Amino acid sequence: MKQLIAFALLLSLGVSLAADAPPNIILMMGDDHGWEETGYNGHPHVKTPVLDEMAKTCFRFENFYAGHPSCSPTRASFMTGRHPNRMGTFNPGFSIRPEEITIAHVLAKAGYHCGHFGKWHLGPVKAESPTSPGAMGFHEWVSHDNFFELNPSLSRNGGAPEVIQGEGSAVVIGEAIKFIDRASKAKQPFFTVVWFGSPHEPYSGLPEDLALYDDLPEKYKDKKVRLTSNETGGPTTRTQGEVLRERYAEITAMDRAIGTLRKHLAATGLRENTLLFYCGDNGTSPDASLVLPHRGVKGQVYDGGVLVPGLIEWPARIPQPRSTKARATTSDLLPTLCALTGQALPERPIDGMDLLPVIDGKVTERAKPLWVWQFDTSHLKKGEPYIDPKLQEGTTPLAKKAGGKATRDFSNFKHTEVSESDYQGPRAIIDGRFKLVVHEAKKGGTVKQELFDLVADPAEKTDLREQQPEVVKKLEKGLREWQESVLKSLTGADYRK
């Protein structure tokens, strides 16, 4: 009997120790995957059975925001917890800065083995780049400077690009699984970032995925859209039905790849204590815009440009399905993971917030404002490069050509002085239920402001500016004060402390 009691105590101790073990962390992100392009959010065509199952069984953010209406800036916010304008990552093709502190830096200190797989787009992925995944805290990476399609050309740990045969999402998930298995064998907690190249145009798909959407070319044959040709790398015009068929095939393939990863975690006993997260990097691109429950598309500060799917699966902490209407954003990831792993926040302005109280059901509303701002680069004084231009040259080719090149270079500039024009560009602040949107004046007119009640009017159809002048005044003041902080960071002030 004593032996049985002792054995039971040992078993309970083992369970306790397992429960206290740090969770493995996997953060995934789709490329141009807007909020409405999932089955669980009611899309009439796209098939996402894996994401739909996750939405039914895990933690679902009903209002998750990308940090910016376009990709590189959102990725900067994802990695740093800071708005991308703080580090000069204004638009796609602007790099991050070497002094930034990323989630990988933080989690490496906490003992995690860190790997990045897929699209990077925060600088070149080559080994000598000061903003490569390796320079930004990752121990291993199989990554692309930008987006990719079937049979992607990827750089392994900064080496020369190599073509890996297969559907793009399946390829990067395959590489991530190998990384996870190595870390597990070494008994290390792992931090894995998977940034898919899908469903960004130009579109392509496997025959079995395309066949799911064979009815769409006829259904949407009358509208023409502009996008990139896979054959020439240049612009072309096609019917929207043909485009949607290929785009949705990519989304379904990405969904299936996520399913492959989930099955592997379950088969290897890792699922219970692995935090698995998915979101998009901005709203749906204009060529594919079809269902519009929200106003706007990619590239716009209205909710349609920044609302994306947001899901967390973590059985050890989220045993029952839950959802929240609390607004969250990619800038929240770093402070949340700092809190989760007991690491201090970087000593610099952080725009995100810890989401653990939201995930645990203790908080139902966001405790701080959420900001969106597209810096007006037409006024940007492109002075001294922040990084040697040679180090900013990309190496991994992609289908879409720019200036005749199949690779992409990056830029970032020193910005030592702030002028009034630096405050310009489409911008918005969300505080509680209200959202203030600001656009610059055109042809000598006045600045355009719009106020929306996102609870009563999620489609942003009714401007309440005249009915709620005090709310406008409050949000206008908060937005300006926040911009002052961001522009101070842009000068490099945060790095001089």
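This presentation describes selected local features of one predicted protein model.

Good morning, colleagues. The structure is a predicted model, in which local features need pLDDT of at least 70 and side-chain atom pairs count only at pLDDT 80 or more, while totals for chains, interfaces and linings use all residues. Residues are numbered from 1 along each chain as its sequence is written, and side-chain values use heavy atoms, with hydrogens and water left out.

I begin with a pair of helices. Helices (H or I, at least four residues) and strands (E, at least two) are DSSP runs, numbered from the N terminus. Helix 5 covers residues 168–185 and helix 8 covers residues 240–267; their axes come within 9 Å and cross at roughly 15°. Here the axes are lines fitted to C-alpha atoms, for helices over the stretch in contact, and angles run from 0 to 180 degrees between N-to-C directions. Helix 5 and helix 8 are therefore roughly parallel to each other, a term for angles under 35 degrees. Which residues meet where helix 5 and helix 8 are in contact? From helix 5 come Ser169, Ala170, Ile173, Ile177, Ile180 and Asp181, and from helix 8 come Ala253, Met254, Ala257, Thr260, Leu261 and His264. Contact means heavy atoms within 4.5 Å. The residues of this contact between helix 5 and helix 8 comprise eight nonpolar, three polar and one charged. In that count, Ala, Val, Leu, Ile, Met, Phe, Trp, Tyr, Cys and Pro are nonpolar, Asp, Glu, Lys and Arg are charged, and the others, Gly among them, are polar.

Proline 199 lies in the loop between strand 8 (190–195) and helix 6 (207–210), and the peptide bond to proline 199 from serine 198 is cis, with omega near 0°. Proline 202 lies in the loop between strand 8 and helix 6 as well. The bond from glutamate 201 to proline 202 is cis, with omega near 5°. Both Glu201 and Pro202 are in contact with threonine 228; leaving aside neighbours within four places in sequence, the other contacts of threonine 228 are Gly233, Gly234, Pro235, Thr236 and Lys400. Threonine 228 belongs to strand 9 (residues 224–228) and is buried at 6% relative accessibility. Buried means under 20% relative accessible area, exposed over 50%, and partly exposed in between, with a 1.4 Å probe and protein chains only.

Lysine 187 has a positive phi, near 60°, and is placed in the loop between helix 5 and strand 8. Glutamate 460 also has a positive phi, of about 55°, in the loop between strand 19 (448–453) and helix 12 (469–490). Are these residues buried or exposed? Lysine 187 is exposed, with a relative accessible area of 75%, whereas glutamate 460 is buried, at 1%.

Helix 10 (residues 333–341) has eight of its nine residues buried, so it is largely enclosed by the rest of the structure. Among those buried residues are Leu333, Pro335 and Cys338. Glycine 342 follows helix 10 with a positive phi, near 75°.

Cysteine 338 leads to my last topic. How many disulfides does the model contain? The count is zero, where a disulfide is a pair of cysteine sulfur atoms within 2.5 Å. The sulfur of cysteine 338 is 12 Å from the closest cysteine sulfur, in cysteine 114, which is too far for a bond. For cysteine 58, the closest cysteine sulfur is in cysteine 279, at 13 Å, also too far for a bond. Thank you.

Terms used. Parallel < 35°, antiparallel > 145°, perpendicular 65-115°, else oblique.
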